[in-house]
Amino acid sequence: MSRGRSDGSQKKRLVASVGAVALFLGFLYVFQGSIFGSQSSGSSTVEYGKSLKRLGASYLGADDDADNKQEESTSLVQEDVEDDVKPKSFPVCDDRHSELIPCLDRHLIYQMRLKLDLTVMEHYERHCPPAERRYNCLIPPPPGYKVPIKWPQSREEVWKVNIPHTHLAHEKSDQNWMVVKGEKIFFPGGGTHFHNGADKYIAAIANMLNFSNNNLNNEGRLRTVLDVGCGVASFGAYLLASDIIAMSLAPNDVHQNQIQFALERGIPAYLGVLGTKRLPYPSRSFELAHCSRCRIDWLQRDGILLLELDRVLRPGGYFAYSSPEAYAQDEEDLRIWKEMSALVGRMCWTIASKRDQTVIWQKPLTNDCYMEREPGTRPPLCQSDDDPDAVWGVNMEICITPYSDHDNRAKGSELAPWPSRLTSPPPRLADLGYSSEIFEKDTELWQKRVENYWNLMGPKITSNTVRNVMDMKANLGSFAAALKDKDVWVMNVVPHDGPSTLRIVFDRGLIGTTHDWCEAFSTYPRTYDLLHAWNVFSDLQAKQCSQEDLLLEMDRMVRPTGFIIIRDKQNVIDFVKNYLTALHWEEVATADSSSDSDQDGNEIVFIIQKKLWLTTESLRDAAE
């Protein structure tokens with residue numbers, strides 16, 4: 001979708017207003033970068049005045065005239081522009097939008113009067129603004145923002161000013177979710193169901209399944225986990241020590257900012273909900289799904305949400321469910337337990353273990369049980385023409401996804417244990433028409449490219465500079481695989497309209513999601529240390545979507561002092577360079593791809609670092 005523009009009269013008013021404001025500013029103001037230490041980042045902090053913070057007021061219930069005021073906001077102008085870079089300016093969004101998630105904006109839902117069914121969580125699903133309602137401005141950091149604490153210390157503590165929301169600490173004070181102490185928020189590792197720590201709870205689940213040494217990774221056979229209703233993601237945080245990576249999933253609901261806390265801590269997480277649309281993951285992606293007091297009605301709509309878990313679980317996968325229904329003896333809990341047990345029984349799940357407040361069900365390895373069910377048993381099997389890997393904007397179905405003939409004969413996923421899984425060609429390559437040779441060559445190629453990237457970043461980067469990484473066009477996941485020896489995790493994003501390679505990413509023991517880069521991503525601002533964009537701009541240009549919108553979205557997602565690596569054609573690099581000053585980005589390195597390409601070397605590697613900038617109001621608040 002291309003960017004929205006005003007009509008002719010609005011443009012005339014805009015030109016007149018901007019001209020008058022520019023003339024006025026020329027006599028009265030001079031903008032200049034104010035230099036502050038950015039906690040050993042080596043970047044300067046740029047200060048901006050309050051006059052720059054009017055954009056976007058209409059999203060917070062202002063009158064319709066605010067739409068015109070949005071176009072009339074003062075633009076940033078920097079005087080330190082290189083001669084060979086065209087000056088380009090962006091206004092700064094109002095401070096109230098410092099946590100804006102454009103496609104998960106409840107103010108937009110109210111303003112557009114969208115008729116959504118709250119009972120099935122449609123209001124927590126993605127609803128993106130039309131072009132004419134996009135902000136097209138820079139998201140400011142909150143007052144007093146600090147460069148995030150580095151991993152692994154960040155697992156236990158974050159700066160309070162970066163996420164100034166402490167209501168969860170009070171609401172969950174008896175459950176050890178989080179504790180506020182001075183300038184920091186600490187995370188003791190507790191949860192609603194595991195007050196004494198996630199590590200002990202994880203070991204207990206492994207013990208229930210008779211895994212050796214009470215290690216849930218089961219000698220590398222259990223690697224990918226989906227944690228629904230994850231809270232602040234302490235379950236996923238403590239799985240990392242067992243070489244298990246969890247996709248911690250939660251909506252932006254009454255427990256606001258739980259995913260933001262997770263990402264600030266350096267824990268893999270994603271904003272999403274079990275509502276009406278399929279989760280953005282292919283079938284057979286996870287060895288374990290987990291719900292601990294996640295407050296989900298699993299019986300609704302004939303069990304459609306449990307069927308969605310069934311779709312994303314691997315053959316023989318587990319669902320660990322810790323909830324009162326598993327142990328309580330009151331009438332309502334007993335009713336729910338009875339109905340839920342009957343439902344999963346018809347789905348051919350069996351109880352692998354049940355102890356105290358937790359039950360673990362296991363999905364079958366083959367189609368045998370499905371074939372033995374009585375005719376007319378519900379839920380039915382999905383139709384043969386249903387594609388279980390089609391997920392972007394696709395509605396959930398009330399049906400069971402059976403295994404293909406090959407998978408049925410295999411009686412399992414046939415995946416190598418971790419870490420061999422990362423570099424072993426997975427069986428599903430054949431579904432995409434890829435050979436093992438292509439897979440291995442791709443892995444080697446990206447190993448070389450990543451080494452080159454790190455060499456180019458040189459003194460700008462140390463062992464703990466980067467933690468949260470996004471590969472915006474992951475293909476087979478080889479970029480992420482090349483980072484295996486670094487203490488990072490990667491959100492592998494696969495475009496929804498390209499080859500469905502996300503199943504290969506998961507089969508390698510990695511995680512990711514599908515997405516359309518014509519829209520904003522489902523994450524909070526300032527959540528990634530490094531973005532990698534390989535031909536993403538060229539792909540967007542071919543789809544006639546706005547490259548400028550993508551630049552603003554990348555700026556929203558990347559943390560101050562974070563990095564962006566763009567690998568694309570020369571004309572794309574030239575385009576991006578025109579915007580460096582306006583975005584407060586600085587060039588780190590530029591190189592051709594002749595040394596790390598198996599093609600003709602026509603791609604350019606362009607590495608950027610985002611500066612830390614604050615508004616004058618933010619600086620004043622920080623000093624008080």
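**A walk through the predicted model**

Val494 is buried, with a relative accessible area of 4%. Val494 belongs to strand β13, residues 489-495. Which residues does Val494 touch, once those up to four places away in sequence are set aside? They are Ala474, Asn475, Pro499, Thr501, Leu502, Thr513, Thr514 and His515. One of these, Asn475, lies 19 residues from Val494 along the chain, and the C-alpha atoms of the two are separated by 6.4 Å.

Let us turn to the aromatic rings. How many aromatic pairs does a search of the whole structure find? The search returns 20. Among them is the pair of Trp446 and Trp534, which is edge-to-face, with 5.3 Å from centre to centre and 75° between the planes. The label edge-to-face applies because planes over 60 degrees apart are counted that way. This pair links distant parts of the chain: Trp446 sits in helix α12 (residues 436-457) and Trp534 in strand β15 (residues 528-534), 88 residues apart. Are these two tryptophans buried or exposed? Both Trp446 and Trp534 are buried.

Aromatic residues also gather in a group. Trp298, Phe319, Tyr321, Trp337, Trp349 and Trp361 form one aromatic cluster. Elsewhere, Lys184 places its charged end over the ring of Trp159, with 5.2 Å to the ring centre.

Now for a pair of helices. Two packed helices are described by the angle between their axes and the distance between the axes. For α8 and helix α9 (residues 331-346), the angle is about 60° and the axes are 11 Å apart. The crossing in which α8 passes α9 is right-handed.

The peptide bond leading from Arg378 to Pro379 is cis, and its omega is near 5°. Pro379 is placed in the loop between α10 (368-372) and α11 (405-410). A cis peptide bond also joins Trp418 to Pro419, here with omega near 10°. You will find Pro419 in the loop between α11 and α12.

Finally, consider phi. Asn214 is not a glycine, yet its phi is positive, at about 55°. Asn214 lies in the loop between α5 (198-208) and β5 (224-228). With a relative accessible area of 36%, Asn214 is partly exposed. Arg293, another residue other than glycine, has a positive phi near 50°. Its place is the loop between β8 (286-292) and α8 (300-312). Is Arg293 buried, exposed or partly exposed? Its relative accessible area is 29%, so Arg293 counts as partly exposed.

How values were computed
Residues are numbered from 1 along each chain as its sequence is written. This is a predicted model: local features need pLDDT of at least 70, side-chain atom pairs count only at pLDDT 80 or more; totals for chains, interfaces and linings use all residues. Side-chain values use heavy atoms; hydrogens and water are left out. Rings of Phe, Tyr and Trp (its six-membered ring) pair if their centres lie within 6.5 Å; planes under 30 degrees apart count as stacked, over 60 as edge-to-face and the rest as tilted. Helices (H or I, at least four residues) and strands (E, at least two) are DSSP runs, numbered from the N terminus. Buried means under 20% relative accessible area, exposed over 50%, partly exposed in between (1.4 Å probe, protein chains only). A charge sits over a ring if NZ of Lys or CZ of Arg is within 6 Å of the ring centre and within 35 degrees of the ring normal. Axes are lines fitted to C-alpha atoms, for helices over the stretch in contact, and angles run from 0 to 180 degrees between N-to-C directions. A crossing is left-handed if the near helix is turned anticlockwise from the far one by less than a right angle, and right-handed if clockwise. Contact means heavy atoms within 4.5 Å.
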